Amino acid sequence: MKNKIKIHRAIHNLTQEQLATKIGISRQTVIAIESDKYLPSLGLAFKIAHLFKVKIEDIFLYEEIKN
Amino acid sequence: MNIKKYKQIRALVAFFISVTVSISVVQDSYLLAVAGVLTGMLFLILVRSKTKIVVDEREKTVREKAAQMTYAIFAPTIGLGSFVLTMFARGEFYYLESLGMVFTYLTLFIIALYSISYHFLNKKYGGNGDEE
């Protein structure tokens, strides 16, 4: 799973700290999501999409694992 | 107050407690140690109540995994330890045998606690499996 949070954050001129405060999570979690180390829950993903006023699939991109 | 400041204060309080306990050991005064530890604890509780600590879903996931790992390591280790102690110290080393019995009950308690909490949480999150 890839995400475009960093891009949307730059578009909205938000720092990691500001984004974290807006959606009620810690800055460490924002860093972890941006670097694909942590996959957010559906609720949190919707919250992020809602904040950036885009669809969830515009931020989170599902990649099928090829064997 | 943010988490960074809270961590700094916590380190300072830990330092204060360790110094107080060290002095109390040197002076052989347990009252000083108790007073030092209690003061430190009270101060930390006060500071913590003023701090905004965010416990989000990642933090909860980390805690879940840590608890799971702790159980997976602790339960078999203490279970095996209790078995070894009760088997090999039987009738010879009464102290070790008693310790083995304590470990046995502790192992049973942990397994029972895990089973009860698992059953409760499974029910809470709809894991009954009866409905279609």
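This is a predicted model: local features need pLDDT of at least 70, side-chain atom pairs count only at pLDDT 80 or more; totals for chains, interfaces and linings use all residues.
Residues are numbered from 1 along each chain as its sequence is written, and chains are lettered from A in the order in which they are written.

Chain B is divided into domain 1 (3-50) and domain 2 (57-124), with bounds that come from an automatic or database domain assignment. The C-alpha centres of these two domains of chain B lie 31 Å apart.

In chain B, the axes of α1(B) and α2(B) come within 8 Å and cross at roughly 170°. Axes here are lines fitted to C-alpha atoms, for helices over the stretch in contact, and angles run from 0 to 180 degrees between N-to-C directions. Helices are DSSP runs (H or I, at least four residues), numbered from the N terminus. The crossing makes α1(B) roughly antiparallel to α2(B), a term for angles over 145 degrees. The residues of this helix contact comprise 14 nonpolar, five polar and two charged. Nonpolar covers Ala, Val, Leu, Ile, Met, Phe, Trp, Tyr, Cys and Pro, charged covers Asp, Glu, Lys and Arg, and the others, Gly among them, are polar. Two residues are in contact if their C-beta atoms, placed from the backbone, lie within 7 Å.

| Residue | Phi | Loop |
|---|---|---|
| Asp28(B) | about 55° | between α1 (3-27) and α2 (30-50) of chain B |

Asn13(A) is exposed, with 7 other C-beta atoms within 10 Å. Asp28(B) is likewise exposed, with 7 other C-beta atoms within 10 Å.

The largest nonpolar core has six residues, Ile5(A), Leu19(A), Ile25(A), Val30(A), Ile33(A) and Ile48(A). Such a core is a set of buried Ala, Val, Leu, Ile, Met, Phe, Trp, Tyr and Cys residues joined through C-beta atoms within 7 Å. Leaving aside neighbours within four places in sequence, Val30(A) is in contact with Gln16(A), Leu19(A), Ala20(A) and Ile25(A).

The contact between the chains takes seven residues from chain A and five residues from chain B. On the side of chain B that touches chain A, one residue is nonpolar, none is polar and four are charged.

Key:
A residue is buried if 20 or more other C-beta atoms lie within 10 Å of its own, exposed if 12 or fewer, and partly exposed in between; C-beta atoms are placed from the backbone. Helices (H or I, at least four residues) and strands (E, at least two) are DSSP runs, numbered from the N terminus. Angles under 35 degrees count as roughly parallel, over 145 as roughly antiparallel, 65 to 115 as roughly perpendicular and the rest as oblique.
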